[in-house]
Amino acid sequence: MVSLSTTEAEFIVVTEAVKEAIWMIGMTVSLQAQKGVAKVYCNNQSGIYLAKNQTFYERTKHIDVKFHFVREIIESGEVNLEKINTDHNPTNALTKALPGPKFLHCIQIMQIV
């Protein structure tokens, strides 16, 4: 998928993560496990703001409507979207070439032995 801005790319990623969170919530309900609110973390402030804010912006009008359902899910409280500092984001180990100590830090956060 081609995006026209970093904000759009982050918004798309947040949407995909929320879809996965909804699937996981459904899975825990079907397994009769305790249902809680899913947390989705994002390290991009503009992506979080766009996902939480229903206001129309001229610069984001090109973003496909199918990605805007995430706003309803967040507003309903089914999923919480929270900011995570880049230094504490464990997914960096999977997406970036990190020097040894930072890579080990990410592995420790993910609790991978």
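Analyst: Buried means under 20% relative accessible area, exposed means over 50%, and partly exposed is in between (1.4 Å probe, protein chains only). This is a predicted model, in which local features need pLDDT of at least 70, side-chain atom pairs count only at pLDDT 80 or more, and totals for chains, interfaces and linings use all residues. Residues are numbered from 1 along each chain as its sequence is written, and side-chain values use heavy atoms, with hydrogens and water left out.

User: Why is Lys19 called partly exposed?

Analyst: Lys19 has a relative accessible area of 39%.

User: What makes Lys19 and Glu16 a salt bridge?

Analyst: The term requires a side-chain nitrogen of Lys or Arg within 4 Å of a carboxyl oxygen of Asp or Glu. The closest N and O atoms of Lys19 and Glu16 are 3.1 Å apart, so the pair meets the rule. The count by this rule is 1 salt bridge. Both residues lie in helix 1 (residues 6-30), 3 residues apart, about one turn of the helix. Helices (H or I, at least four residues) and strands (E, at least two) are DSSP runs, numbered from the N terminus.

User: Why is His68 called partly exposed rather than buried?

Analyst: Its relative accessibility is 21%, and buried means under 20%, so His68 counts as partly exposed. His68 sits in the loop between helix 2 (45-52) and helix 3 (69-76).

User: What puts the buried residues of helix 2 on the same side?

Analyst: The buried residues are Gly47, Ile48, Leu50 and Ala51. They cover an arc of only 165° around the axis, so they lie on the same side of helix 2. The arc is that of the directions from the helix axis to the C-beta atoms.

User: Which residues is Leu81 in contact with?

Analyst: Contact means heavy atoms within 4.5 Å. Neighbours within four places in sequence aside, Leu81 is in contact with Val14, Val40, Cys42, Ile48, Ala51, Lys52 and Ile74.
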